[in-house]
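Here is a short briefing on one protein model. Read it alongside the sequence and the coordinates.

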Amino acid sequence: MPNWPEFKREICISNANDKILEKQLQLIEINLGSYYNKYNKTIYKNDKRWQSNKWQEMCSDNLFHVSYWNAKSDELVCFCSIMPCEESIVEGETSDIIYLYEIHVSPEWRNQKFGKSILDALKEKVCPKAHLSGIELTVFSSNERAINFY
């Protein structure tokens, strides 16, 4: 088992806690800021800064944010943002799924299986208990680290 710190977990819905979302947005900027700078207009189809667009997305109704913090340092270790959705899998049929909006691990905590643990918990615990068919997500096509992870 990895040498993980003692955790404090925060769960919020949409913009229920701006302080938590600000920390998450900072981590997104560290991890993917260069991608969002490059693809902002393609993704959001407007001239706003990507941070403004992402903030609006993070405040979407029914979007759950699960954050894990180092209990000793109060540092954000990792988080994921998910939304239950109905998705058309086969023409004429829909399934209830989780859409994984974000999963981020702070650079100093990478390669310790935090991301894998979150994804495994979604697949093995959340989906079956909520009677969901699976998980859907998108990644930047040039983000090889994410492609290899999934």
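Gln 24 touches Met 58, His 65, Ser 67, Leu 76, Phe 79 and Ser 81, leaving aside residues up to four places away in sequence. Contact here means heavy atoms within 4.5 Å. Gln 24 sits in helix H1. Gln 24 counts as buried because its relative accessible area is 0%; buried means under 20%, exposed over 50%, and partly exposed in between, with a 1.4 Å probe and protein chains only.

This is a predicted model: local features need pLDDT of at least 70, side-chain atom pairs count only at pLDDT 80 or more, and totals for chains, interfaces and linings use all residues. Residues are numbered from 1 along each chain as its sequence is written, and side-chain values use heavy atoms, with hydrogens and water left out.

**Helix pair H1 and H2**

- Helix H1 covers residues 18–44 and helix H2 covers residues 50–58. Helices (H or I, at least four residues) and strands (E, at least two) are DSSP runs, numbered from the N terminus.
- The axes of H1 and H2 come within 8 Å and cross at roughly 120°. Axes are lines fitted to C-alpha atoms, for helices over the stretch in contact, and angles run from 0 to 180 degrees between N-to-C directions.
- H1 and H2 are therefore oblique to each other. Angles under 35 degrees count as roughly parallel, over 145 as roughly antiparallel, 65 to 115 as roughly perpendicular, and the rest as oblique.
- The crossing of H1 and H2 is right-handed: the near helix is turned clockwise from the far one by less than a right angle.
- Residues of H1 that meet H2 include Leu 21, Leu 25, Ile 28 and Tyr 36. On the H2 side, Trp 50, Trp 55 and Met 58 are among them.
- By class, the contact of H1 with H2 has 8 nonpolar, 6 polar and 5 charged residues. Ala, Val, Leu, Ile, Met, Phe, Trp, Tyr, Cys and Pro count as nonpolar, Asp, Glu, Lys and Arg as charged, and the others, Gly among them, as polar.

**The sheet**

- An open sheet holds 5 strands in the order S1-S2-S3-S4-S5, with mixed pairing. Two strands pair if DSSP finds at least two bridges between them.
- Strands S1 (7–13) and S5 (135–137) stand at the edges, each with a single partner strand, so one side of each has no neighbour in the sheet.
- On average, neighbouring strands of this sheet are turned by 30° against each other, direction ignored.
- Helix H3 (residues 114–129) packs on the sheet and touches S1, S3, S4 (93–105) and S5. The direction of H3 makes about 155° with that of S4.

**Strand pairs and hairpins**

- S2 (residues 64–70) and S3 (residues 76–90) pair in the antiparallel sense over 6 bridges.
- His 65 has Ser 81 in S3 as its bridge partner, and Ser 67 stands opposite Phe 79 in S3.
- The hairpin of S2 and S3 has 5 residues between the strands, and Asp 74 there takes a positive phi near 60°.
- S3 and S4 pair in the antiparallel sense over 12 bridges. Ile 82 stands opposite Leu 100 in S4.
- The hairpin of S3 and S4 has 2 residues between the strands, with Gly 92 at a positive phi near 85°.

**Positive phi in loops**

- Most residues other than glycine have a negative phi.
- Asn 62 has a positive phi near 70° and lies in the loop between H2 and S2.
- His 131 has a positive phi of about 60° and lies in the loop between H3 and S5.
- His 131 is exposed, with a relative accessible area of 67%.
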